[in-house]
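Student: Hi! Could you walk me through a structure I have open here?
Tutor: Happy to, let's have a look.
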Amino acid sequence: MIEDIAISMKDVSKVYCLYQKPIDRLKEILFRKRYHNEFVALHGLNIRIKKGETLGIIGENGAGKSTLLKIIARTLKPTNGEVNINGMVSSLLELGSGFHPEFTGIDNIYFYGSLLGIPSSEMKGRVAEVVSFAEIGEHINYPLKTYSSGMHVRLAFSVAMAVEPDILVVDEALSVGDLYFQKKSTDKILSVKEKGKTIIFCSHSMYYINRLCDRVIWLKNGVSAMEGSAHEVTQAYETYQLKKEAAKSGETPKVGRVKSPGAASSIVIHDVILTPFPNVRSGDDLTVGMEIMSMDDSVPYRVAAVLFRIDELRIISIGTRDHEPLYGSRKITLCLPSLQLKEGTFFLKIHVMDENFVHIYDSQATVPFTVPKESIEPGFINIPYRWTI
Amino acid sequence: MTNWVNLVKYFLIKDIKSRYAGSGLGMFWTIMMPVFQILLYWVVFSTVMRVKPHSNAQIPYVLFLLSTYFFWLAISEGIARSGMTIIENAELVKKVPFPIIILPISITLSCYLQSMVGVIFFILVFTFSGLSHLSMFMIVPVLILQLIFSVGAGMLLAAIIPYLRDLQQITGYVLQGMFFLSPILYSLEAIPENLRVLTYLNPVTLYVESYHKIILERTLPGLWYWGAMAFCSGLFLFLGIKVFTKLNDGFADIL
């Protein structure tokens, strides 16, 4: 095996046998006749992941993402093919599933460590770190059943990270717990990436995928539909999704306040004002005034604006990348001088994010504005051009 | 290896803790239930049916029952609970990669530990009756062989039952049959000749008879017994490990 390969999968397939009734399984053994339907979740997958690489896995529901992650996490055996995993794997797939309610927090830390094969002598040195990261304090000596669900998930996350895996498997839930801990957990995962560990990351959020992954695999019906750099693959995937949606119905996408799930935000976008409105003419100066409310002046944040056409085609993203992070409540303005949009209906989505542009504190979409058609040439954007004839 | 020991320890504590979670008297119930059962048998056999189920006149019938009942309990509980352990721990089996074979091993050990409380209870009663003797310590090797048998049988069932859940129902009947086809309630001589063959086919008979010989008759079981017990224990352990490791990989698929 080559040293710098973390995971190599050769021709890996996973077939689930589906039985209609449990008795069919018995009949099959007794009569040696086929009583099941096969469902192919993965089909002849070849993947090589280098050490230190962050691989993204995208795909629709039922494409085989979870199966693939479970195979990497070693909880599921492939039906065919060869899987070589080089190093210890910890997964954030099902946080806290090894925990026992009657054990105290401390006991559960050791127990989880033993499950993954880490001797208690080695775990001992990490317990303090887990307890302080999870911020459970005194409660660590009480049985797990007395914990709130937030404490439970914080402990589970901290333990999964504390085993210091060589390979980390993350499914969707990049961040857990309340807003404060969400930020902390995303930072922790980023630090794992910076330490040169391998991360397998599966998400429906193309933003996270683009932000974190070096390489992306698009799974479609159990086979790799596309593999390549993050932006290439996500773009192709988004185009595919849009086409599919357009084929289904011509309904307009919903616009409005989009909150990141479960976020009881301490930083919120209070108001977004668009001028001129509702009709913007090509060449106008478009100003977006926004009022941001922060409950905690010590939390740094940055702002990003994304201009969309009404069908959610992303035209441009603009972040306050060149500015220092912002603190506290304030009003800021984004000016798009001499707007070079031609015809169509557009809207902007404003995001308040952490200083790394990873975690989204709050999002708000503006009301859509329309640029009337003034030129007979079709298209929605003006870019400088010159003919040489 | 130390990690295996650690894991077994954790699962043992886990099992015992969850068993007595919320019960005030805890271990008390581990003894009370079987003692009640024994009293029932005693009343039924010696008072209602007026039979003499065992041939040893010097030993009261209650002590005859007590001498092997807790060992039997270890076997039957160990097998029954091992059989369910994969299904009961489905979450863990599906989601955390760890040596799953530890589950039936630790659950069997847990059942044995709890039954040993009963055995100690019996030894106390036996001693107070002035009947105990030093050579009783020879039950230890028998117990070890019996434990190996239990672990093997437990693994075997733990591996198969997730695939054939009906087997779990059948296990109850088989255990019941094994109980009545072994000299726990009555001595071997009390069983009619033509049925006695069946009794000898029952591995439990081997262990139970050995306990009777050591505890009640103060003799050692013959070489034949030791050989048969060793063979039986080895066979089940071998089968258990073999079948379990073979079916191990499929658990996550079928649960």
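Tutor: One term to start with: two strands pair if DSSP finds at least two bridges between them. Helices (H or I, at least four residues) and strands (E, at least two) are DSSP runs, numbered from the N terminus. This is a predicted model, where local features need pLDDT of at least 70, side-chain atom pairs count only at pLDDT 80 or more, and totals for chains, interfaces and linings use all residues. Residues are numbered from 1 along each chain as its sequence is written, while chains are lettered from A and ligands numbered from 1 in the order in which they are written.

Student: Great. How many bridges join β1(A) and β2(A)?
Tutor: Ten, in the antiparallel sense, with β1 covering residues 5-18 of chain A. As an example, Ile5(A) has Lys50(A) of β2(A) as its bridge partner.

Student: And what is the strand order in that open sheet?
Tutor: The order is β2-β1-β4 in chain A, with antiparallel pairing. Its edge strands are β2 (37-50) and β4 (80-85) of chain A, each pairing on one side only.

Student: Which helix lies across β1, β2 and β4 of chain A?
Tutor: That is α2 (residues 65-72) of chain A, running at about 125 degrees to β1(A). Angles run from 0 to 180 degrees between N-to-C directions, and axes are lines fitted to C-alpha atoms, for helices over the stretch in contact.

Student: Switching to chain B: at what angle do α9(B) and α10(B) pack?
Tutor: Helix α9 (residues 203-216) and helix α10 (residues 223-247) of chain B pack at about 135 degrees, with axes 10 Å apart. That makes α9(B) oblique to α10(B) (under 35 degrees is roughly parallel, over 145 roughly antiparallel, 65 to 115 roughly perpendicular and the rest oblique).

Student: Which residues make the contact?
Tutor: From α9(B), they include Leu206(B) and Tyr207(B), and from α10(B), Ala228(B) and Met229(B) are among them. Contact here means C-beta atoms, placed from the backbone, within 7 Å.

Student: How many residues does each chain put into the contact between chain B and chain A?
Tutor: The contact takes 22 residues from chain B and 22 from chain A. On the chain B side, α1(B) gives the most, with eight residues.

Student: Last one: how is chain A divided?
Tutor: Into domain 1 (1-87 + 198-250) and domain 2 (267-370), with bounds from an automatic or database domain assignment. The C-alpha centres of domain 1 and domain 2 of chain A lie 36 Å apart.

How values were computed
Contact = placed C-beta atoms within 7 Å.
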